[in-house]
Amino acid sequence: MGKRPPKDQKRHWTEVYARTPAFFGEEPSGFARRALERFRAEGVGTVLELGFGQGRDTLLFAENGLRVTALDYSEHAVRELEETARARSLSGRIEARIHDVRDPLPFPDDAFDACYAHMLLCMELTEAEIAFALTEIHRVVRPGGPVLYTVRSDHDKHYRAGTRLREDIYEVGGFVVHFFTEEKIRRLARGYDLEVIERMEEGNLPRDLYVVTLRRRPGPMPDQPEVTTVRNPMKKFEGFFDAVRENPALEPKTRGLLFLAASLSAGCGL
Ligand SMILES: C[S@@+](CC[C@H](N)C(=O)[O-])C[C@H]1O[C@@H](n2cnc3c(N)ncnc32)[C@H](O)[C@@H]1O
(Lines give C-alpha, C1' and ligand atoms only; values in the text may rest on other atoms or scores of the structure.)
Protein backbone atom coordinates (compact mmCIF):
# COMPACT_ATOMS: atom_id res chain seq x y z
CA MET A 1 0.00 0.00 0.00
CA GLY A 2 1.57 3.35 -1.07
CA LYS A 3 2.00 6.16 1.44
CA ARG A 4 0.43 9.55 0.86
CA PRO A 5 3.30 11.96 0.06
CA PRO A 6 3.85 14.54 2.83
CA LYS A 7 2.74 18.08 2.24
CA ASP A 8 5.54 20.16 0.69
CA GLN A 9 7.19 21.52 3.83
CA LYS A 10 8.63 24.72 2.40
CA ARG A 11 5.16 25.71 1.21
CA HIS A 12 3.64 24.53 4.48
CA TRP A 13 5.90 26.77 6.61
CA THR A 14 5.23 29.72 4.33
CA GLU A 15 1.46 29.21 4.69
CA VAL A 16 1.78 28.85 8.48
CA TYR A 17 3.76 32.09 8.76
CA ALA A 18 1.47 33.95 6.35
CA ARG A 19 -1.63 33.18 8.45
CA THR A 20 -0.03 33.37 11.94
CA PRO A 21 2.09 36.47 12.58
CA ALA A 22 3.88 35.02 15.65
CA PHE A 23 3.51 31.27 15.32
CA PHE A 24 6.06 30.53 18.07
CA GLY A 25 5.04 33.56 20.15
CA GLU A 26 6.16 37.18 20.30
CA GLU A 27 8.95 36.56 22.79
CA PRO A 28 12.40 35.09 22.15
CA SER A 29 12.70 31.44 23.15
CA GLY A 30 14.15 30.35 26.49
CA PHE A 31 16.81 28.50 24.53
CA ALA A 32 17.88 31.75 22.82
CA ARG A 33 18.16 33.56 26.15
CA ARG A 34 20.45 30.83 27.45
CA ALA A 35 22.45 30.83 24.23
CA LEU A 36 22.87 34.60 24.45
CA GLU A 37 24.39 34.30 27.94
CA ARG A 38 26.81 31.75 26.65
CA PHE A 39 27.71 33.80 23.58
CA ARG A 40 28.41 36.80 25.79
CA ALA A 41 30.56 34.77 28.18
CA GLU A 42 32.57 33.45 25.25
CA GLY A 43 32.97 36.77 23.43
CA VAL A 44 30.99 35.62 20.39
CA GLY A 45 30.44 38.43 17.86
CA THR A 46 29.07 36.64 14.78
CA VAL A 47 26.42 33.94 14.74
CA LEU A 48 25.09 31.75 11.95
CA GLU A 49 21.43 30.95 12.66
CA LEU A 50 19.77 28.14 10.72
CA GLY A 51 15.98 27.89 10.26
CA PHE A 52 15.18 31.24 11.91
CA GLY A 53 11.43 31.08 11.15
CA GLN A 54 9.88 34.40 12.11
CA GLY A 55 13.11 35.63 13.66
CA ARG A 56 12.05 35.78 17.33
CA ASP A 57 15.60 34.67 18.38
CA THR A 58 17.46 36.49 15.60
CA LEU A 59 16.05 39.78 16.90
CA LEU A 60 17.14 39.02 20.47
CA PHE A 61 20.71 38.32 19.34
CA ALA A 62 20.88 41.43 17.14
CA GLU A 63 19.33 43.67 19.81
CA ASN A 64 22.14 42.50 22.08
CA GLY A 65 24.89 43.50 19.70
CA LEU A 66 25.55 40.24 17.83
CA ARG A 67 25.80 40.14 14.04
CA VAL A 68 23.51 37.39 12.81
CA THR A 69 23.50 35.71 9.44
CA ALA A 70 20.07 34.06 9.46
CA LEU A 71 19.08 31.37 6.96
CA ASP A 72 15.71 29.79 6.20
CA TYR A 73 14.40 28.14 3.05
CA SER A 74 11.11 30.08 3.21
CA GLU A 75 11.35 33.17 1.05
CA HIS A 76 8.37 34.60 2.92
CA ALA A 77 10.27 34.25 6.22
CA VAL A 78 13.28 36.07 4.77
CA ARG A 79 11.17 38.97 3.49
CA GLU A 80 9.36 39.27 6.82
CA LEU A 81 12.58 39.34 8.84
CA GLU A 82 14.14 41.91 6.53
CA GLU A 83 11.11 44.17 7.06
CA THR A 84 11.16 43.75 10.85
CA ALA A 85 14.91 44.35 10.99
CA ARG A 86 14.45 47.57 9.00
CA ALA A 87 11.59 48.70 11.25
CA ARG A 88 13.71 48.12 14.35
CA SER A 89 16.87 49.65 12.85
CA LEU A 90 18.65 46.31 13.06
CA SER A 91 19.41 45.82 9.34
CA GLY A 92 23.10 46.46 9.99
CA ARG A 93 23.25 43.43 12.30
CA ILE A 94 20.93 40.98 10.54
CA GLU A 95 21.55 39.43 7.16
CA ALA A 96 18.61 37.20 6.22
CA ARG A 97 19.10 34.79 3.34
CA ILE A 98 17.13 32.07 1.59
CA HIS A 99 18.99 28.81 1.96
CA ASP A 100 18.15 25.10 2.18
CA VAL A 101 20.50 23.38 4.64
CA ARG A 102 20.63 20.34 2.33
CA ASP A 103 22.89 22.51 0.11
CA PRO A 104 26.47 23.57 0.91
CA LEU A 105 26.64 26.71 3.06
CA PRO A 106 27.59 29.74 0.91
CA PHE A 107 30.36 30.93 3.26
CA PRO A 108 34.14 30.52 3.51
CA ASP A 109 35.80 28.34 6.17
CA ASP A 110 35.85 29.64 9.78
CA ALA A 111 33.49 32.53 8.90
CA PHE A 112 31.48 32.55 12.18
CA ASP A 113 32.17 32.50 15.91
CA ALA A 114 29.15 30.29 16.63
CA CYS A 115 26.15 28.50 15.15
CA TYR A 116 22.61 28.39 16.53
CA ALA A 117 19.71 26.25 15.27
CA HIS A 118 16.48 26.00 17.26
CA MET A 119 14.30 23.10 15.97
CA LEU A 120 15.83 23.10 12.48
CA LEU A 121 17.73 19.81 12.40
CA CYS A 122 14.53 17.96 13.37
CA MET A 123 12.73 19.07 10.21
CA GLU A 124 12.22 16.92 7.09
CA LEU A 125 15.86 15.88 6.86
CA THR A 126 17.27 12.36 6.74
CA GLU A 127 20.11 11.43 9.06
CA ALA A 128 22.51 11.65 6.08
CA GLU A 129 21.28 15.20 5.32
CA ILE A 130 21.68 16.21 8.97
CA ALA A 131 25.22 14.78 8.98
CA PHE A 132 25.95 16.81 5.84
CA ALA A 133 24.59 20.01 7.46
CA LEU A 134 26.73 19.40 10.56
CA THR A 135 29.79 18.89 8.34
CA GLU A 136 29.10 22.22 6.65
CA ILE A 137 28.58 23.93 10.03
CA HIS A 138 31.92 22.46 11.15
CA ARG A 139 33.57 24.04 8.12
CA VAL A 140 32.16 27.56 8.59
CA VAL A 141 32.42 27.88 12.40
CA ARG A 142 35.85 28.77 13.73
CA PRO A 143 37.75 26.11 15.68
CA GLY A 144 36.56 26.04 19.30
CA GLY A 145 33.30 27.83 18.43
CA PRO A 146 30.05 26.72 20.11
CA VAL A 147 27.34 25.05 18.04
CA LEU A 148 24.03 25.02 19.91
CA TYR A 149 20.97 23.23 18.62
CA THR A 150 17.64 21.78 19.73
CA VAL A 151 15.64 18.91 18.23
CA ARG A 152 12.38 17.14 19.07
CA SER A 153 13.16 14.22 21.35
CA ASP A 154 12.03 10.61 21.56
CA HIS A 155 10.20 11.63 24.79
CA ASP A 156 7.94 14.00 22.84
CA LYS A 157 4.30 12.94 22.94
CA HIS A 158 4.12 13.11 19.14
CA TYR A 159 6.98 10.64 18.73
CA ARG A 160 5.64 7.69 16.71
CA ALA A 161 2.28 9.47 16.35
CA GLY A 162 1.03 10.51 12.92
CA THR A 163 2.29 8.87 9.73
CA ARG A 164 5.76 7.38 9.60
CA LEU A 165 7.57 8.50 6.44
CA ARG A 166 11.04 6.91 6.92
CA GLU A 167 13.72 6.58 9.61
CA ASP A 168 12.29 8.36 12.69
CA ILE A 169 10.53 10.94 10.54
CA TYR A 170 6.78 11.38 11.02
CA GLU A 171 4.14 13.68 9.61
CA VAL A 172 1.99 15.04 12.41
CA GLY A 173 -0.84 17.43 11.53
CA GLY A 174 0.88 18.52 8.29
CA PHE A 175 4.29 19.11 9.96
CA VAL A 176 7.11 16.68 9.16
CA VAL A 177 9.33 16.05 12.19
CA HIS A 178 12.49 13.98 12.61
CA PHE A 179 12.62 12.74 16.22
CA PHE A 180 16.01 12.25 17.86
CA THR A 181 17.36 9.79 20.40
CA GLU A 182 20.42 10.60 22.54
CA GLU A 183 22.24 7.90 20.62
CA LYS A 184 21.58 9.68 17.33
CA ILE A 185 22.88 12.96 18.77
CA ARG A 186 26.11 11.21 19.83
CA ARG A 187 26.46 9.56 16.42
CA LEU A 188 26.06 12.94 14.69
CA ALA A 189 28.62 14.73 16.90
CA ARG A 190 31.60 13.60 14.80
CA GLY A 191 34.18 16.41 14.57
CA TYR A 192 32.79 18.14 17.68
CA ASP A 193 33.20 17.86 21.42
CA LEU A 194 29.76 16.97 22.70
CA GLU A 195 29.57 18.99 25.90
CA VAL A 196 26.05 18.28 27.07
CA ILE A 197 22.65 16.93 26.09
CA GLU A 198 19.78 18.31 28.19
CA ARG A 199 15.99 18.14 28.02
CA MET A 200 13.69 21.14 27.75
CA GLU A 201 9.99 21.70 27.12
CA GLU A 202 8.71 24.48 24.89
CA GLY A 203 5.29 25.81 23.97
CA ASN A 204 1.93 24.59 25.12
CA LEU A 205 1.94 21.23 23.31
CA PRO A 206 4.51 21.07 24.96
CA ARG A 207 7.33 20.08 22.61
CA ASP A 208 9.93 17.90 24.32
CA LEU A 209 13.36 18.94 23.09
CA TYR A 210 16.96 17.86 23.42
CA VAL A 211 19.23 20.85 23.88
CA VAL A 212 22.63 20.02 22.44
CA THR A 213 25.87 21.88 23.11
CA LEU A 214 28.72 21.07 20.75
CA ARG A 215 32.10 22.68 20.34
CA ARG A 216 33.81 22.61 16.98
CA ARG A 217 37.05 20.64 17.26
CA PRO A 218 40.12 22.16 15.60
CA GLY A 219 41.31 20.55 12.38
CA PRO A 220 39.33 19.19 9.47
CA MET A 221 36.24 17.06 9.83
CA PRO A 222 37.36 13.46 10.34
CA ASP A 223 36.54 11.06 7.53
CA GLN A 224 33.33 9.11 7.79
CA PRO A 225 34.02 5.89 9.69
CA GLU A 226 33.97 2.90 7.41
CA VAL A 227 30.41 1.76 7.16
CA THR A 228 30.05 -1.68 8.66
CA THR A 229 26.81 -3.18 7.56
CA VAL A 230 24.99 -4.60 10.50
CA ARG A 231 22.34 -6.83 9.07
CA ASN A 232 18.93 -5.95 10.41
CA PRO A 233 16.77 -9.00 9.73
CA MET A 234 13.54 -7.00 10.20
CA LYS A 235 14.52 -4.44 7.56
CA LYS A 236 13.16 -6.27 4.55
CA PHE A 237 9.82 -6.74 6.29
CA GLU A 238 9.36 -3.02 6.97
CA GLY A 239 7.10 -2.42 3.95
CA PHE A 240 5.10 -5.52 4.83
CA PHE A 241 4.60 -4.33 8.44
CA ASP A 242 3.46 -0.90 7.21
CA ALA A 243 1.00 -2.45 4.77
CA VAL A 244 -0.44 -4.76 7.44
CA ARG A 245 -0.66 -1.93 10.01
CA GLU A 246 -2.42 0.41 7.59
CA ASN A 247 -4.89 -2.09 6.10
CA PRO A 248 -8.27 -1.33 7.71
CA ALA A 249 -9.78 -4.56 6.31
CA LEU A 250 -7.70 -6.76 8.61
CA GLU A 251 -9.00 -7.90 12.00
CA PRO A 252 -6.64 -7.13 14.92
CA LYS A 253 -6.13 -10.88 15.44
CA THR A 254 -5.17 -11.48 11.79
CA ARG A 255 -2.85 -8.49 11.93
CA GLY A 256 -1.18 -9.92 15.05
CA LEU A 257 -0.72 -13.31 13.36
CA LEU A 258 0.81 -11.71 10.26
CA PHE A 259 3.27 -9.72 12.42
CA LEU A 260 4.18 -12.89 14.28
CA ALA A 261 4.77 -14.85 11.07
CA ALA A 262 7.01 -12.09 9.62
CA SER A 263 8.97 -11.80 12.88
CA LEU A 264 9.52 -15.58 12.95
CA SER A 265 10.68 -15.54 9.31
CA ALA A 266 13.11 -12.70 10.11
CA GLY A 267 14.38 -14.63 13.14
CA CYS A 268 15.01 -17.68 10.93
CA GLY A 269 16.90 -15.49 8.45
CA LEU A 270 14.36 -16.04 5.68
C1 LIG B 1 10.26 24.54 13.76
S2 LIG B 1 10.61 26.01 12.83
C3 LIG B 1 11.66 26.87 13.97
C4 LIG B 1 11.76 28.35 13.70
C5 LIG B 1 12.65 29.14 14.65
N6 LIG B 1 13.95 28.56 14.82
C7 LIG B 1 11.99 29.32 15.99
O8 LIG B 1 12.27 28.51 16.90
O9 LIG B 1 11.19 30.24 16.12
C10 LIG B 1 11.72 25.39 11.60
C11 LIG B 1 12.13 26.38 10.54
O12 LIG B 1 13.11 25.74 9.70
C13 LIG B 1 12.86 26.04 8.34
N14 LIG B 1 13.37 24.89 7.55
C15 LIG B 1 12.87 23.64 7.51
N16 LIG B 1 13.61 22.87 6.71
C17 LIG B 1 14.61 23.65 6.23
C18 LIG B 1 15.70 23.41 5.36
N19 LIG B 1 15.89 22.22 4.78
N20 LIG B 1 16.55 24.44 5.10
C21 LIG B 1 16.34 25.65 5.67
N22 LIG B 1 15.31 25.94 6.49
C23 LIG B 1 14.46 24.95 6.77
C24 LIG B 1 11.35 26.26 8.25
O25 LIG B 1 11.02 27.12 7.18
C26 LIG B 1 11.03 26.86 9.62
O27 LIG B 1 11.08 28.27 9.55
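Modeller: Gladly. Which strands does helix H3 lie across, and at what angle does H3 run to S2?

Biologist: I would have to ask you for that.

Modeller: Helix H3, residues 56-63, lies across S1, strand S2 (67-72), S3 and S4. The angle between H3 and S2 is about 165 degrees. Please keep in mind that this is a predicted model.

Biologist: Which residues of H3 are buried, and what makes a residue buried?

Modeller: The cut-off is 20 or more other C-beta atoms within 10 Å of the residue's own. In H3, Asp57, Thr58, Leu59, Phe61 and Ala62 are buried, so each of them meets that cut-off. The buried residues of H3 pack against H2, H4, S1, S2, S3 and S4. After H3 comes Gly65, with a positive phi near 90 degrees.

Biologist: How much of the protein chain is buried?

Modeller: Of its 270 residues, 31% are buried. The chain has eight helices and ten strands.

Biologist: In what order do the strands of the open sheet come, and why do S3 and S9 count as edges?

Modeller: Seven strands form the sheet, in the order S3-S2-S1-S4-S5-S10-S9, with mixed pairing. Strand S3 (94-98) and strand S9 (192-202) each have a single partner strand, so one side of each is left without a neighbour in the sheet. From one strand to the next, the twist averages 20 degrees.

Biologist: How do you know that S9 and S10 pair?

Modeller: Pairing takes at least two bridges. S9 and strand S10 (residues 207-216) have ten, in the antiparallel sense, so they count as a pair. One example is Met200, whose bridge partner in S10 is Leu209. In the loop between S9 and S10 sits Pro206, joined to Leu205 by a cis peptide bond with omega about -15 degrees.

Biologist: Which helix packs on the sheet and touches S9 and S10?

Modeller: That is helix H2 (residues 30-41), which also touches strand S1 (46-50), strand S4 (114-118) and strand S5 (146-152). The direction of H2 makes about 170 degrees with that of S4.

Biologist: Why is Met119 called partly exposed?

Modeller: Met119 has 19 C-beta neighbours inside 10 Å. Buried would need 20 or more and exposed 12 or fewer, so Met119 is partly exposed. Met119 lies in the loop between S4 and helix H5 (127-140). Although not a glycine, Met119 has a positive phi of about 60 degrees.

Biologist: And what makes Glu167 partly exposed?

Modeller: Glu167 has 13 other C-beta atoms within 10 Å. Glu167 is in the turn of a hairpin formed by S6 and S7, with two residues between the strands. The phi of Glu167 is positive, about 40 degrees, although Glu167 is not a glycine.

Biologist: What describes two packed helices, and what are the values for H1 and H4?

Modeller: The description is the angle between the axes and the distance between them. Helix H1 (residues 9-19) and helix H4 (residues 75-87) pack at about 40 degrees, with axes 8 Å apart. Thr14, Tyr17 and Ala18 in H1 meet His76, Ala77 and Glu80 in H4.

Biologist: Lastly, how many residues surround the ligand?

Modeller: There are 18, and the closest are Trp13, Gly51, Gly53, Tyr73 and Met123. The shell divides into nine nonpolar, five polar and four charged residues.

Terms used: Residues numbered from 1 in each chain as written. Predicted model: local features only at pLDDT ≥ 70, side-chain atom pairs only at ≥ 80, totals over all residues. Near = placed C-beta within 6 Å. Nonpolar A, V, L, I, M, F, W, Y, C, P; charged D, E, K, R; others polar. Helix = DSSP H or I, 4+ residues; strand = E, 2+ residues; numbered from the N terminus. Axes fitted to C-alpha atoms, helices over the stretch in contact; angles between N-to-C directions. Contact = placed C-beta atoms within 7 Å.
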